[in-house]
Amino acid sequence: MFTGKQKLSLYLVLLVLSSSPLAFGQSAPKTEFIPYQSAKPIVEAMGDSLPQELKAAGNLDATKWSAWVQSRDQEIRDRLDRGEEDTLTNLLRFGVTYTKEYRIDDDYLVRYGNSSLVNAFAQSRADDLVRALAASNPPAGLAEMKSFLLNKGFSFNTPQQRAVVKKYLLDNLARLRDEFLKYRAQPKDEKRFQLFQDRGISLDTNLWPDYQLDAAFREMVSQGLLKPGSIRRVAIIGPGLDFVNKESGNDFYPPQTIQPFAVLDSLFQLGLADPATVELFTFDISPSVNAHVERIRKNALQGTPYIVQLPWNTQRPMSDEYRHAFVAYWEKLGNQIGAPVPAISVPAGATGTSTRAVKIRAQVVQRIASPVDMNIVYQRLTLPPEQAFDLLIGTNIFLYYGNFEQELARANAASMLRPGGFLLSNGKLPDTVASGLKDVLDAPITSSVNPLITDTIFCYQRVK
Ligand SMILES: C[S@@+](CC[C@H](N)C(=O)[O-])C[C@H]1O[C@@H](n2cnc3c(N)ncnc32)[C@H](O)[C@@H]1O
């Protein structure tokens, strides 16, 4: 039996443990490939839409499945390289820190190649960008792009080498134009949830999905789906790393990840999670994203806060209702997790950008676990019931995949949720095969892009 003094010590130890940085601190939990038994019902249901190589493999078994899954996992990871090319092209189109030239917006993009005016400013943007990349100590975002190019074998030492880089940049611009025209021509039906299935995988991120998630949480609370204090373990699938996003390509602040903190901010504000005990995981295939998360959490363990810039494009077409609700969200964003600090000023070229910045407390950043390298399409964590997740978030990620891959991702997500836990996504997931996830609420919100259509956060709940 414990004496009164021993009981007090034990209580103090437990108290410290319950609010200390995450105990799993050092090593991330191990992922495993989706086992054949779990994939089998999906494979069998897919019929003709099964990937060709799988059909050709004949009678599948666990060994064949495992070999196939591992090669496909690598193919998906290889798409990150093309995504980096897209990021570089967005930097060429929109960057404001290295040039004073016009931005290549969508209207100009489609005229690239046919208009001497657009060709001229694309050329001069490319010259300015090559010059900035060639500098000996470029700022963080440019430095990331430079090492991407150096790793691909490009050099900046001689005029000839720089001309090769310029050609590469302009070839990518032409490729992006062709892809843009193709996507623009596609019907905006259910296929929009798989829009990028042939594209490179980008890391770009912005505040729109975080605002939509906040609205969805509120709706879930009002419908009694989420209860106060009900979320302790949450994972962000594909948090992203913002440096030059696809929409306006702001490049005036260092690479940052926002979604994990925006989600925590919403959960704290609604009383859904306790700041002292919440555990936040990130799952991503990108080494850059994972390295960034690891760096900021290690810094936080030394007491260093994390500053995020919160820019948004005020010129994006949106209804008054959407704008009003978004601004109300944006003005308070970060209040639960930190305090406002002066933002990096918006350069003159970034017209229509509003911004503010928040310093996130180190104690909040410490609630992030070591990042998990995971391909949600083919991988999962096998967890004991007490470690299953209460909430998984995946926005602007599933649209990079087709039907079969989305079915697998859905099954993987389901396997990591506790009964009653939720997966939230702005992509609709196919449900040909029972995954254990049921669609409990489509939280609609007037679209920011086209006021006549509706964006939706889909809420899937793991059935008991
Ligand atoms: C376009 S960003 C979206 C970022 C953020 N969720 C948002 O909505 O703004 C896509 C993110 O998902 C990650 N990702 C893409 N496919 C993935 C996969 N199969 N498994 C895990 N992460 C993936 C990318 O590396 C990137 O971090």
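Into which domains is the protein chain divided? The model is a predicted one, in which local features need pLDDT of at least 70 and side-chain atom pairs count only at pLDDT 80 or more, while totals for chains, interfaces and linings use all residues. Residues are numbered from 1 along each chain as its sequence is written. The chain falls into domain 1 (79-190) and domain 2 (192-462), with bounds that come from an automatic or database domain assignment.

Helices here are DSSP runs of H or I with at least four residues, strands are runs of E with at least two, and both are numbered from the N terminus.

Axes are lines fitted to C-alpha atoms, for helices over the stretch in contact, and angles run from 0 to 180 degrees between N-to-C directions. From α4, the contact uses Glu85, Asp86, Leu88, Thr89 and Leu92, and from α8 it uses Leu169, Asn172, Leu173 and Leu176. These contact residues comprise 5 nonpolar, 2 polar and 2 charged.

Next come the sheets. Seven strands, 7 in the order β9-β3-β2-β11-β12-β14-β13, form an open sheet with mixed pairing; two strands pair if DSSP finds at least two bridges between them. Because β9 (372-373) and β13 stand at the edges with a single partner strand each, one side of each has no neighbour in the sheet. Within this sheet, β2 (residues 233-237) pairs with β11 (residues 389-394) in the parallel sense over 3 bridges, and Ile236 has Ile393 in β11 as its bridge partner. Helix α10 (residues 259-269) lies across β2, β3 (279-284) and β11, and runs at about 145° to β2.

Strand β14 has antiparallel partners. Strand β12 (residues 417-425) is joined to β14 (residues 454-462) by 4 bridges, with Leu423 opposite Tyr460. Strand β13 (residues 437-446) pairs with β14 over 9 bridges, and Lys438 has Gln461 in β14 as its bridge partner.

Another open sheet has 3 strands in the order β4-β8-β6, with antiparallel pairing. Its edges are β4 (306-309) and β6 (338-341), each with a single partner strand, so one side of each is left without a neighbour in the sheet. Neighbouring strands in this sheet are turned by 30° against each other on average, direction ignored. Strands β6 and β8 (residues 357-360) share 4 bridges, and Pro340 is partnered by Val358 in β8.

Finally, the ligand is surrounded by 26 residues, and the closest are Thr205, Gly238, Gly240, Ser286 and Asn396. A residue counts as near a molecule or strand if its C-beta atom, placed from the backbone, lies within 6 Å of it. The shell around the ligand has 14 nonpolar, 10 polar and 2 charged residues.

Technical notes
Ala, Val, Leu, Ile, Met, Phe, Trp, Tyr, Cys and Pro count as nonpolar, Asp, Glu, Lys and Arg as charged, and the others, Gly among them, as polar. Two residues are in contact if their C-beta atoms, placed from the backbone, lie within 7 Å.
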